[in-house]
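Biologist: Could you walk me through this fold at the level of helices, strands and sheets? I'd like to ask as we go.

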Amino acid sequence: MSKNTVYPYIPNSVPEVKAAMLAVTGADSIDAFYADIPPELRLNRPMNLPPPLLSEARLKRHVEALLGRNIYCGQAISFLGGGCYQHHVPSICDEINGRSEFLTAYAGEPTDDHGRWQAMWEYCSMMGEMLNMEVVSVPTYDGLQAAATACCMAARHTGRRRVLVAGNINPDKWSHMRTYGRSEIEFAAVKFDRASGLVDRDDLAAQLSPNVAAFYMDVPSYFGTIDDGAALAATVKAAGAVLVVGVDPSSLGILTPPADYGASIVCGDIQPLGMHMNFGGGHGGFIATADDEAWVMQYPSRLFGMAPTEVPGQYGFGDVAWSRTSFDKREGGNEFVGTAAALWGITAGVYLAVMGPQGMVELGEGTMKRVAYARLRLETLPGVRLSHPQTAHYKEFVVDFSATGKTVAEINAALRERGIFGGQDLSAVFPELGQTGLYAITETHTQADIDLLVETLSSIL
């Protein structure tokens with residue numbers, strides 16, 4: 001790009017304006033601002049970019065052509081999961097979260113943000129009932145953030161720095177937890193058993209010590225495996241640590257809430273509760289604990305409560321323990337809290353209200369039946385094996401293609417050509433599992449979808 005070209009979408013690109021700005025700062029060139037960056041970190045050549053599109057019409061056509069190359073999950077049968085799932089979204093979820101008082105609200109007050117605080121309180125109440133916990137936060141950015149913050153809460157609560165993390169969690173979550181909590185926490189991974197996909201009990205016991213604040217695990221795990229939470233909780237608590245469990249909320253209609261088997265903090269992502277995939281997901285995290293002041297004061301995020309007003313029989317909704325947040329304490333708060341995902345909390349509240357307890361039971365049962373059917377069909381294919389055949393699963397499971405002589409990448413490319421998105425390729429992030437793919441099954445999959453997957457794989461292999 002020429003240094004003298006004016007670009008309509010780049011502010012202050014007029015040469016005279018740039019010269020004036022440099023004169024004010026005392027720099028002789030833009031490069032002077034980057035003088036402290038070592039040469040080995042610089043590109044030192046022009047970026048490989050196409051010629052600029054200087055008209056809005058040409059730029060629009062170019063961008064639309066790029067977008068047109070995408071194939072989304074509504075155009076294909078998708079078995080992708082790993083943190084973002086294709087669930088059915090009742091139309092009322094979009095209808096309610098699209099209302100102007102919710103969609104356009106940012107962080108208002110009851111005087112100008114009518115109904116938002118009550119809607120959030122209703123969401124937290126329904127989540128608390130499902131989780132069997134009394135305190136639920138407003139949504140954090142996503143489930144990864146919720147997991148990281150939950151570990152920080154455990155460290156502050158116990159006064160210990162070390163947190164053990166199950167090795168069978170989402171690699172992206174593991175990365176985020178270490179990045180976010182690195183100033184407060186010393187993280188260490190606990191091995192998982194390759195045959196079962198479950199936490200390695202011996203490795204966990206060996207790593208527990210008086211300086212361990214918590215053990216974090218997911219139920220179901222990243223592999224979809226369901227561990228014995230009660231046994232793990234007993235081991236963790238015997239060492240004086242607390243158990244933190246990440247949970248898929250769509251599973252709570254059939255799986256025991258982690259609080260019932262000893263979890264002190266429960267967290268997760270509400271994307272399965274009425275949110276579209278949206279090219280990566282509309283995500284929001286949740287954190288839940290018992291109504292214990294020692295735990296409540298460790299929350300960094302807003303908490304909404306209900307209180308009686310001066311008018312008998314009427315109630316108001318607002319913040320609880322505001323003083324613990326960075327809104328009040330600024331840098332002295334537990335953690336910095338910025339824009340959260342309140343709109344998705346309202347959406348999840350609508351979803352839970354529509355589904356009701358029986359609906360969540362049916363969702364969980366239907367998912368597990370579909371998973372069981374898919375596993376039975378897939379293991380009949382020559383060379384195809386289930387990685388954890390003796391372990392119970394929810395929503396996801398690992399398929400091993402190592403004996404087929406084909407890589408997961410090759411198989412997925414062939415599936416895409418036939419209108420199917422295969423499972424997430426695990427061969428790079430979990431090489432010890434071989435050429436494996438993580439397949440996700442939800443209530444949106446029909447028996448015909450699963451049969452078509454098996455038939456297509458049979459023809460490919």
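This is a predicted model: local features need pLDDT of at least 70, side-chain atom pairs count only at pLDDT 80 or more; totals for chains, interfaces and linings use all residues.

Modeller: Residues are numbered from 1 along each chain as its sequence is written, and side-chain values use heavy atoms, with hydrogens and water left out.

Biologist: How many helices and strands are there in the protein?

Modeller: Both are DSSP runs numbered from the N terminus: helices are H or I with at least four residues, strands are E with at least two. On that basis, the protein has 14 helices and 15 strands.

Biologist: Why is the protein called as compact as a globular protein of that length?

Modeller: We take the radius of gyration over C-alpha atoms, and the globule rule is 2.2 Å times the number of residues to the power 0.38. For 461 residues the rule gives 23 Å, so the protein counts as that compact because its own value is close to this, at 25 Å.

Biologist: What share of the 461 residues is buried?

Modeller: Buried means under 20% relative accessible area, using a 1.4 Å probe and protein chains only. By that cut-off, the share is 48%.

Biologist: Which strands stand at the edges of the 7-strand sheet?

Modeller: Strands pair if DSSP finds at least two bridges between them. The sheet is open and mixed, in the order β2-β8-β7-β6-β5-β3-β4. Each edge strand has a single partner, so one side is left without a neighbour in the sheet; these are β2 (135–136) and β4 (186–190).

Biologist: Which helix packs on that sheet, touching β3, β4 and β5?

Modeller: β3 (residues 162–166) and β4 run parallel, joined by 5 bridges, and V163 stands opposite F187 in β4. Contact means heavy atoms within 4.5 Å; axes are lines fitted to C-alpha atoms, for helices over the stretch in contact, with angles from 0 to 180 degrees between N-to-C directions. At about 160 degrees to β4, the helix that packs here is α7 (residues 171–181).

Biologist: In the open sheet of 4 strands, what is the strand order?

Modeller: The pairing there is antiparallel. β11 (385–386) and β14 (424–425) are the edge strands, each pairing on one side only. The order is β11-β12-β15-β14.

Biologist: Which residue in β15 is the bridge partner of Q424?

Modeller: β14 and β15 (residues 436–440) pair in the antiparallel sense over 2 bridges. Helix α13 (residues 408–417) lies across both, at about 45 degrees to β15. The partner of Q424 is L438.

Notes. Buried means under 20% relative accessible area, exposed over 50%, partly exposed in between (1.4 Å probe, protein chains only).
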